[in-house]
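Keep the picture open while you read.

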Amino acid sequence: MGRARTLARWALGAAAAAVVLLLTGLGGAGLLVLLGALVGLVCSAVGIWWFLAHRGPLRVAGALLAVAAPLAVLVLYVLWGPWLTGLGALASWSVALVSARAALRLIRDVNGTPARPRPKRRPRPKRPVLIMNPKSGGGKVARFGLVERAEKLGARVVLIDPSVETDVAALAREAVADGADLLGVAGGDGTQALVAAVAAEHDLPFLVISAGTRNHFALDLGLDRADPATCLDALVDGEELRVDLGSVSGRAFVNTVSFGVYADVVQLPEYRDAKAGTAVDVLPDLLQGGGGDRLDATADGQPLPAQQALLVSNNPYAAPDPFSAAAARRPRLDGGELGVIAVRVDGAAQAAEMAVLGTNSTGLNVLTAARVEVTGKAAAPVPVPPSVLVPAPARAPGTIAVAVDGEALTLPTPVVCTLRPRALRVLVPRHRPGVIEPQPRLDWRRITELAFQTPSRSSAS
């Protein structure tokens, strides 16, 4: 506690020094530069909004503004920026962040905040069955020799035929009926989730092989995504993790369920062959309310009306933080909570507000919940002229587009997302190069309280 208190005081002192440097050392030109930087940030956000939400001249203007605004700020700094003062303020703020995080880590350890359970060593499976998709990840199964390596380690490999539609869950159930004592998948996250559900149903270990395109689930498990063959080491030297398994209207998911803009884009047939181009083509209609759904939802009873985009994740993602290596990752997969990110942007002004205020803006909600229910479409927004609409895929009344682990689905409303805590036994290799220790949330109020606590008070707490 004494070390934590000292670090908290260092953090506050360094933060105060950064503020003092900015306020007293910059002078009139420096304040002008700071104001210019803020204006540049707002202009860049407006430009991005125009580019995504419009077509024609306004899209071109948005692209130019999004690029020109940061360049103008850079030029402003080069011409008038007080470099020594700026570097001093940046160094002080860096010390403040490092000290604050170190203090919070110590407090977490002292107070016994629940950490991730240590993996348990498991004996080598006797009858493992691995389902592999040869097309996944652009042919990673063949490129890394996964079939040959798995069979040498005693696994039975079931290859999916890409030319026919295959019920992957049925393959997994057949393997269980034949006596499999482990199920594994070399494929995308959507396929991983289907087999994981069968493994959880029969309380069998589940092996993740990072042979998909993005491998988000493998990333958060700490597996090596560059060499999926290393995942097979778990068959001979493995340890077991218990992780949560998400459920959306009875279907399992391991990463995310998306509603709104992204789900609508994924539904389009041309999306699989040209993801970026398709998104750019249809986003103006979706964001302006012409071809996309605005959805009403609740998270543990909290209303989230008329959302353009809603992301529900199996455990929350880390808060955006440029000083954290885990900014775009889930710090843990066994926390027992859904992460929720809800976005509602009604124009360029609100886009600029979101760029400046982040999670404090009115258009962005970041929270956790045990149950998320998407009740259906919101009231129709202001219509877009029919001449610019892209026809949306036909859907039955009372249904909405949903992307489950990146797979396009159409589900009847209401769509309910829940979590099954620690329902999935995941077998992982002992050596996992991607494991990152979760960072505590940066809480300056807690740092201030800690810095001014007396030793007797802090010991009592």
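Start with Arg3, which sits in helix H1 (residues 2–24); helices here are DSSP runs of H or I with at least four residues, strands are E runs of at least two, and both are numbered from the N terminus. Arg3 counts as exposed because its relative accessible area is 62%. The cut-offs are under 20% for buried, over 50% for exposed and partly exposed in between, using a 1.4 Å probe and protein chains only. The C-alpha atoms of Arg3 and Ala103 are 7.5 Å apart, although 100 residues separate them along the chain.

A word on what you're looking at: this is a predicted model, where local features need pLDDT of at least 70, side-chain atom pairs count only at pLDDT 80 or more, and totals for chains, interfaces and linings use all residues. Residues are numbered from 1 along each chain as its sequence is written, and side-chain values use heavy atoms, with hydrogens and water left out.

Now zoom out. The protein has 14 helices and 17 strands, and 46% of its 461 residues are buried. Take the contacts (heavy atoms within 4.5 Å) with a separation of 6 or more: 75% of them join residues 24 or more positions apart. The accessible surface is about 22300 Å², with 62% of that belonging to carbon and sulfur atoms; such areas come from the Shrake-Rupley method with a 1.4 Å probe, and for residues only the protein chains shown count as cover.

What about the inside? In soluble globular proteins, nonpolar side chains tend to be buried together. The largest nonpolar core here holds 55 residues, and Leu130, Met132, Leu183 and Leu424 touch the most other members. Such a core is a set of buried Ala, Val, Leu, Ile, Met, Phe, Trp, Tyr and Cys residues joined through side-chain atoms within 4.5 Å. Helix H8 (residues 189–201) is the top contributor, giving six residues. Apart from this core lies another, of 25 residues, including Val257 and Leu310. Back in the 55-residue core, Leu130 has contacts beyond four places in sequence with, among them, Ala150, Val157, Leu207 and Leu235.

Next, Asn314, in strand S11 (residues 309–314). Is Asn314 buried or exposed? It counts as buried, because its relative accessibility is 0%. Its side chain reaches the backbone oxygen of Asp244 at 3.0 Å. Leaving out residues up to four places away in sequence, Asn314 also touches Phe253, Arg330 and Leu419, among others.

Some spots have backbone angles worth a look. Most residues other than glycine have a negative phi, and most peptide bonds are trans.

| Where | Backbone feature | Value |
|---|---|---|
| Asp300 | positive phi | near 50 degrees |
| Asn315 | positive phi | near 75 degrees |
| Thr413 and Pro414 | cis peptide bond | omega about -5 degrees |

Asp300 is in the loop between strand S9 (295–299) and strand S10 (302–307). Asn315 lies in the loop between S11 and strand S12 (338–343), and it counts as buried because its relative accessible area is 1%. Pro414 is in the loop between strand S16 (407–412) and strand S17 (415–429).

Last stop: Val39, in helix H2 (residues 27–53). Val39 counts as partly exposed because its relative accessibility is 43%.

Note on methods:
A polar contact is a pair of N or O atoms within 3.5 Å; within protein, one must be able to donate a hydrogen and the other to accept it, and residues adjacent in sequence count only if both atoms are side-chain atoms.
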